[in-house]
2 protein chains.
Amino acid sequence: MTTHDNDAFKPIATVDLAIFSLSPAGLSVLLVRRANAPFAGDRALPGGWVHIDEDADLEAAARRVLKEKTGVETPYLEQLQTTGSRSRDPRGWSISIVYIALLSADAVAKRQDLMAEEAEWRPIEGEGVGLSLAFDHASLLKEALARIRGKVEYSSLPGHLLPVRFTLSELQSVYETLLGRKLDKSAFRKRMAEADFLEPVEGEMRRASNRPAQMFRLKDAQSLVLFDRRI
Amino acid sequence: MTTHDNDAFKPIATVDLAIFSLSPAGLSVLLVRRANAPFAGDRALPGGWVHIDEDADLEAAARRVLKEKTGVETPYLEQLQTTGSRSRDPRGWSISIVYIALLSADAVAKRQDLMAEEAEWRPIEGEGVGLSLAFDHASLLKEALARIRGKVEYSSLPGHLLPVRFTLSELQSVYETLLGRKLDKSAFRKRMAEADFLEPVEGEMRRASNRPAQMFRLKDAQSLVLFDRRI
DNA sequence: CAGTGTTAGTGTAAATATTCAACTAAGTTA
DNA sequence: TAACTTAGTTGAATATTTACACTAACACTG
């Protein structure tokens, strides 16, 4: 057996992001158009090198890329997976650490002007975006969608896609969109109460031409709450 | 905004493994003693550089390290997480891709002679191993344990720690060990039947000085089955 | 200002699942 | 053959889930 301790392998390493938000067309992902080779002109998940001088850790690098592309600073952010292989980048053995970010609807609206030139929102259709993507990004996006759809079943994930204040009906509607099925209203409300990740915003009500609804906000906008049972 | 496309950041990158098996003392993890600096003499999770010429992808690198240290070729293997920061390795900005491996009890016994010299099994106590580990490996091990304990609640994970053939009573006993609580026998059997990841080994029974028990094996030794409800 | 439409939020009976413990089954051992 | 041990099943009491109907609170209409 040989020791490789002084023969450090240094692959090409990037941090790539699957950034999601809700648009009128449903769940959408942020894509950029690549300026340079390889895959120049193709769409890709936004990403970038880790800046060895600037980024203290991988999550900091992910937050930096996110801010560069969207202007948003405090999203829900979670590491998805790392892929690395000889063949995924024509320039050689490369590694990509993939993060998932969820942007609240009002954060997206407010920072519209801060969004990077080359970035655009694309609605999700089925398992992807109906476009071929650079590198293995189509497969990374598919994994990200699988993770998100899985977590909708037993976590507060959809709450991170809404504006800061929302009603229970709006929240239920996001769950239904992401799950692709209808939920029972009373069972839904019971789950939300048990899971204990919402707090009512005192004195604030959604008013329309019908009974006003209590508004809620997430107790913690940064972290997911996992349920005891499926929704 | 600057482009860094030709300024590829190349960190130090290793694949590290949290390899678990069952010993008489319960769940155990494989540790190695480091031969070289940094942390020479300390215990660490087994790991190594990706071999750019030899490993097609990250999982291949993980399987190679696993085989070098244990002699086992076909374990349950799953990527846990990737950590990367300026400070985790005194040699500079470094990345570690961490995998979890589960070894079946008979695989461990059979390959005892193939196990690496410097490797040893240490029983888990609480959130770790009661030893300080090199780098941030204590924290990586803690994350690995959290992942495992979480999955025991709603997956076939414990089945991957048993010998290839086992009885339902043995399986229940492993669930109980990992969960730290007793389970109801009839409810347990109902769950296992619903989850549908076991198949009876026809004609084989465990015989002792009592009623013989049907033996079972995993339908798929490589993959986990997730349950609809908690166990 | 009564009537209607619409969405918010609650209540309840029937169906389903869980729990707890007792029971039967099939072998070995004395 | 009786006692012992572990395998595997059954069932009644209790808790939870589901489906759906009900009440509540507003705006709008005439």
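1. Let's start with the surface. Chain A exposes about 11100 Å², and carbon and sulfur atoms supply 48% of that area. Accessible areas here come from the Shrake-Rupley method with a 1.4 Å probe, and for residues only the protein chains shown count as cover. Please keep in mind that this is a predicted model, in which local features need pLDDT of at least 70 and side-chain atom pairs count only at pLDDT 80 or more, while totals for chains, interfaces and linings use all residues; side-chain values use heavy atoms, with hydrogens and water left out. Residues are numbered from 1 along each chain as its sequence is written, and chains are lettered from A and ligands numbered from 1 in the order in which they are written.

2. Next, the overall build of chain A. The secondary structure comes to five helices and 10 strands, where helices (H or I, at least four residues) and strands (E, at least two) are DSSP runs numbered from the N terminus. Along the principal axes, the C-alpha atoms of chain A fill a box of roughly 70 × 45 × 35 Å. Of the 231 residues in chain A, 51% are buried; buried means under 20% relative accessible area, exposed means over 50%, and partly exposed lies in between (1.4 Å probe, protein chains only). Among the contacts in chain A with a separation of 6 or more, 63% are between residues 24 or more positions apart; contact means heavy atoms within 4.5 Å.

3. A word on charge. Chain A has 32 positive and 33 negative side chains. The centres of the two sets lie 6 Å apart. For this count, Lys and Arg are positive and Asp and Glu are negative, with His and the chain ends not counted; the place of a charge is taken as NZ of Lys, CZ of Arg, CG of Asp or CD of Glu.

4. The assignment gives domain 1 (7-152) and domain 2 (157-218), with bounds that come from an automatic or database domain assignment. The centres of domain 1 of chain A and domain 2 of chain A, taken over C-alpha atoms, are separated by 28 Å. Across the boundary, 14 residues of domain 1 are in contact with 11 residues of domain 2. The two domains of chain A bury about 1100 Å² between them, 79% of it on carbon and sulfur atoms; buried area is the accessible area (1.4 Å probe) that two parts lose on being put together, summed over both. A:Leu22, A:Leu102 and A:Val152 supply 46% of the area that domain 1 buries against domain 2, more than any other three residues.

5. A:Leu178 is worth a click. This leucine sits in helix α4 (residues 168-179) of chain A and is buried, with a relative accessible area of 10%. Not counting residues up to four places away in sequence, A:Leu178 touches A:Leu27, A:Arg149, A:Val152, A:Leu157, A:Pro158 and A:Leu161. A:Leu178 and A:Ile231 are 53 residues apart in sequence and 12 Å apart in space, C-alpha to C-alpha.

6. In chain B, have a look at B:Ser21. Strand β1 (residues 12-23) of chain B holds this serine, which is buried at a relative accessible area of 3%. Leaving aside neighbours within four places in sequence, B:Ser21 is in contact with B:Gly26, B:Leu27, B:Ser28, B:Leu103, B:Val108, B:Trp121 and B:Leu161.

7. Now for some backbone details. A cis peptide bond joins A:Ala37 and A:Pro38, with omega about -5 degrees, and A:Pro38 lies in the loop between β2 (26-33) and β3 (43-44) of chain A. In chain B, a cis peptide bond joins B:Ala37 and B:Pro38, with omega about -5 degrees. B:Phe39 is in the loop between β2 and β3 of chain B and has a positive phi of about 65 degrees although it is not a glycine. B:Phe39 is partly exposed, with a relative accessible area of 31%. B:Asp196, in the loop between α5 (185-195) and β9 (198-208) of chain B, has a positive phi of about 60 degrees, again without being a glycine.

8. B:Lys190 in helix α5 of chain B is exposed, with a relative accessible area of 56%. B:Asp228, in the segment after β10 (210-218) of chain B, counts as exposed at 61% relative accessibility.
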